[in-house]
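Thanks for making the time this morning.

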Amino acid sequence: MRAFVTGGTGLLGGNLIRLLADQGYQIKTLVRSAKKAETLFGGLNVEVITGDMMDIEPWAHHLKDCDVLFHTAAYFRETFRRGDHWTPLHKVNVTQTVRLFEYAEKYGVGKIIHTSTNATIRKRGDGRPSDESDRMDPDEALNLYGKSKVVGDQAIDKFLREHKTPVVTILPAWMFGPGDSAPTGSGQLVLNFLSRKLPGSFPSGIDVVDARDVALAMIKAAESSVGNERYIISGHYTNLEELFAILQRVSGVQGPSKKFPLPLVYLSTWINERIAVLRNKETDLSIEELRVMTEMKRTSGAKAVRNLKAAIRPLEDTLRDTVQWFRANGAKG
Ligand SMILES: NC(=O)c1ccc[n+]([C@@H]2O[C@H](COP(=O)([O-])OP(=O)(O)OC[C@H]3O[C@@H](n4cnc5c(N)ncnc54)[C@H](OP(=O)(O)O)[C@@H]3O)[C@@H](O)[C@H]2O)c1
């Protein structure tokens, strides 16, 4: 099988490439930095295509002869502090994503596996875990990134009505894992833990998953007969206190013991954000991130376990491997 992977230098894309290589796939990957790609998977047999989602035309012809497109690249951070981010968010995560799919169809790609997020899923009022049917409207999203993914999912619905190439949409929970070179928000949390920068925990609740488990589910979706389906890939519902306890066990670093009440955390975060704006600096935690951490939304990955035989590893294994990867790549602590 020949696979084309966008976002090969990312947390998910990098793990996907390693798994595809293990399984004998021929791989092409789109990256913005060939140097970064060389550092991340220099030893693997991967054809590196340098290009940008902002401008697809120069490299789209590389999709020819590929059986499957795995689209993981995105304009992605849980929060954006300054400037206009909606324009690039919409361009990369909506307009150019659909354009990429149109090219995939034009060049005969048999199937598309797309990455959305469980941030597009609405929390249920009755406390039961939400599933793939609980789709948000754009204005319900907790941040601009989430909104771009909701709008992107709607654009994919339209693509599916007008085209014949099947698209499976994968909706991962908050991903942790080795190979988080950016780092993403989860990797930054682990790095802050290791360098003992975190003052304490607060009441929180969030679904997390190992990026490698998401990557394997994507491969299973590519290889199964399923067509236009959506799958949440969600591992464990957890909170900061539990994450810190596991990180302490697997790293040997003493975690923060203080527990702050939510109103105080919101107030101090709000004040820190105002001060940061005045000083033209960044804050470690934004109100938007806080909203996500404290939404206490559960999303069910049962459909993927049932239909794709998606497997979820213990959270402790994920965090141990994540810490090991960061230490092997120069993290202190
Ligand atoms: N991490 C999570 O918790 C999480 C949860 C749910 C869903 N997701 C989704 O999962 C997917 C993968 O995210 P990730 O966690 O792997 O994040 P990541 O590590 O930040 O990777 C994002 C990838 O997208 C690439 N990219 C960004 N803008 C691009 C552009 N204009 N053209 C080409 N490539 C571009 C990045 O390239 P560079 O290396 O050059 O920056 C990187 O390879 C995304 O679609 C994200 O929305 C992530």
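This is a predicted model: local features need pLDDT of at least 70, side-chain atom pairs count only at pLDDT 80 or more; totals for chains, interfaces and linings use all residues.

Strand β5, helix α4 (residues 144–162) and strand β6 make a right-handed β-α-β unit, where right-handed means that, with the strands pointing away from the viewer, the path from the first strand over the helix to the second runs clockwise. Residues are numbered from 1 along each chain as its sequence is written, and side-chain values use heavy atoms, with hydrogens and water left out.

How enclosed is β6 by the rest of the structure? Largely so, because 6 of the 6 residues of this strand, which spans residues 167–172, are buried; buried means under 20% relative accessible area, exposed over 50%, and partly exposed in between, with a 1.4 Å probe and protein chains only. Both faces are covered, with Val167, Thr169 and Leu171 buried on one side and Val168, Ile170 and Pro172 buried on the other.

Stepping back to the whole sheet, 7 strands form an open arrangement in the order β3-β2-β1-β4-β5-β6-β9, and the pairing is parallel. The edge strands are β3 (46–50) and β9, each of which pairs on one side only. Neighbouring strands of this sheet are turned by 20° against each other on average, direction ignored; the axes behind such angles are lines fitted to C-alpha atoms, for helices over the stretch in contact, and the angles run from 0 to 180 degrees between N-to-C directions. Helix α1 (residues 11–22) packs on the sheet and touches β1 (2–6), β2, β3, β4 (68–71) and β5, with its direction making about 165° with that of β1; contact here means heavy atoms within 4.5 Å. Helix α6 (residues 211–223), for its part, lies across β4, β5, β6 and β9, running at about 155° to β5.

Lysine 303 sits in helix α10 (residues 302–307) and counts as buried because its relative accessibility is 17%. Its side chain reaches the backbone oxygen of arginine 230 at 3.0 Å. Leaving aside neighbours within four places in sequence, lysine 303 is in contact with Glu132, Glu229, Arg230, Tyr231 and Leu308.

Next come some backbone details in the loops. A cis peptide bond joins alanine 182 and proline 183, with omega about -15°, and proline 183 is found in the loop between β7 (174–176) and α5 (185–194). Asparagine 280, in the loop between α8 (262–279) and α9 (287–293), has a phi near 60°, a positive value in a residue other than glycine, and is exposed, with a relative accessible area of 57%. Lysine 309, in the loop between α10 and α11 (315–328), likewise has a positive phi, of about 55°, although it is not a glycine.

I will finish with the aromatic rings. Rings of Phe, Tyr and Trp (its six-membered ring) pair if their centres lie within 6.5 Å, with planes under 30 degrees apart counted as stacked, over 60 as edge-to-face and the rest as tilted; by this rule the count comes to 7 aromatic pairs. The rings of tryptophan 174 and phenylalanine 176 have centres 4.9 Å apart and planes at 75°, so this pair is edge-to-face. Tryptophan 174 is buried at 14% relative accessible area, and phenylalanine 176 is buried at 1%.

Terms used: Helices (H or I, at least four residues) and strands (E, at least two) are DSSP runs, numbered from the N terminus. A polar contact is a pair of N or O atoms within 3.5 Å; within protein, one must be able to donate a hydrogen and the other to accept it, and residues adjacent in sequence count only if both atoms are side-chain atoms. Two strands pair if DSSP finds at least two bridges between them.
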